[in-house]
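Subject: Structure handover

Hello,

Here is the structure I promised you. Please open it first, then read my notes below.

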Amino acid sequence: MPPILLKRRLVRSTLIAGAAFVALAACGTGTESGVHEAVGTKAAVPAPVKPVGPVGKPVRGLPGMPPLLDPKDVYAADRPNRLSPVVKDFPSRVYVPNTESDTVSVIDPRTYDVVETIRVGRQPQHVVPSWDMKTLWVNNDRGNTLTPIDPSTGKAGRPVDVHDPYNLYFTPNGKYAVVMASLDRELVFRDPHTMEPRKTVPVSCYGVNHADFSLDGTYFIVSCEFSGELLKVDTEKMEVVGQQKLPFHGAMPQDVKVSPDGKRFYIADMMADGMWVLDGDTFGKPALLPTGKGAHGLYVSRDSREMYVSNRGEGTVSVFDFTENRLTRKWRLPGGGSPDMGGVSADGKVLWLSGRYNSEVYAIDTRTGAQLARIRVGSGPHGLAVYPQPGRYSLGHTGIFR
């Protein structure tokens, strides 16, 4: 077990003592193909973006949620370089939270140079774009604060007191921020600007960490890392309406992404070495699709056709085709590595991932899988954010835009 993971699990050992893990056989489907080496303040109104696909009957869902541009594609607003007027003049940067250095490394993606290092609170986990896209929030998990960064200047502001902010999301209507309080075992709904608490939802699972919302925004699926469980949460009621144990002994679910058509959720699992495929509406038993050792992060391409899966335990990235419903390629980082969390460049040509255990960041060509750069940063780089990105508003994490 990697040292940093062991450390986090030991911290939680007093919490998870006595928790029973159900030993069930994994239900695996799918195969891999094409393996090759890779070379070398007040909320803004969502900016208007022209529809980019066939528009059908509007999706009715969460009150106040901006209508989808295409009811068959939740990512239709994320096409290459379709930057909102809110962010179009922001300098292009990659913000890297270094969990063990208590800093954020700022990379210029044109030169691959670290142009600034920002001191933040203890154990920054993710850099999260706000719903109105005007602020980047650094989640200082053990420091119990959020550090705001102004992406127009790259300057950090005064930290805001928020307890146990492991990760941060925003409801699709912009009404609430949702703090994933992992150690506290809570989902905390807060004001999206002041971060004042509005409702605290205790949970019975361990290690809430990642999430994504349904096509209509009425619910979201949450992964519970340390008890191998999933939650289904009613967005408007702010209540847990479903909970299930993953059918794999020792499961450790991570990132969550909904399919473009909203029919399935994909949940990366670093112990099951793949991603779970779940029908979110029925919340039935999911199936496991093997991708690689230590599957961790999930990132959708700018054309909504593919999803990149970072396999942290083997230094690879698997490419999943939504239409074909299978893995089509696997890219291997030359010399290995520990690809973790990140995002796709505004033009869709580069996948940026942190190297969690190697104090580095990887820039990967999304057409060929070639490594474009390997950049030294601080210790324990985690949830980096590529900014700005296309979209009308942010749902949080390292950048989920719609």
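In which loop is Q123 found? Q123 sits in the loop between strand 4 (113–119) and strand 5 (124–129). Strands here are DSSP runs of E, at least two residues long, numbered from the N terminus.

Two points on sources. This is a predicted model, in which local features need pLDDT of at least 70, side-chain atom pairs count only at pLDDT 80 or more, and totals for chains, interfaces and linings use all residues. Residues are numbered from 1 along each chain as its sequence is written, and side-chain values use heavy atoms, with hydrogens and water left out.

Backbone

Q123 is not a glycine, yet has a positive phi of about 55°. At 5% relative accessibility, Q123 counts as buried (buried is under 20% relative accessible area, exposed over 50%, partly exposed in between, with a 1.4 Å probe and protein chains only). N144 also has a positive phi, near 55°, and is a residue other than glycine. The loop between strand 6 (136–140) and strand 7 (145–150) holds N144. N144 counts as partly exposed, at 26% relative accessibility. The peptide bond from Y387 to P388 is cis, with omega near 0°. P388 lies in the segment after strand 30 (385–387).

Rings

There are 12 aromatic pairs. Rings of Phe, Tyr and Trp (its six-membered ring) pair if their centres lie within 6.5 Å; planes under 30 degrees apart are stacked, over 60 edge-to-face, and the rest tilted. The ring centres of Y176 and F189 are 5.9 Å apart and the planes are at 90°, so this pair is edge-to-face. Y176 lies in the loop between strand 10 (167–170) and strand 11 (177–181) and F189 in strand 12 (residues 186–190), so the pair ties together parts 13 residues apart in sequence. Both Y176 and F189 are buried. Y176, F189, F213 and F220 form one aromatic cluster.

Charges over rings

A charge sits over a ring if NZ of Lys or CZ of Arg is within 6 Å of the ring centre and within 35 degrees of the ring normal. The charged end of R185 sits over the ring of Y206, 4.0 Å from its centre. For K232 the ring is that of Y219, with the charged end 4.3 Å from the ring centre.

Regards

Methods. Helix = DSSP H or I, 4+ residues; strand = E, 2+ residues; numbered from the N terminus.
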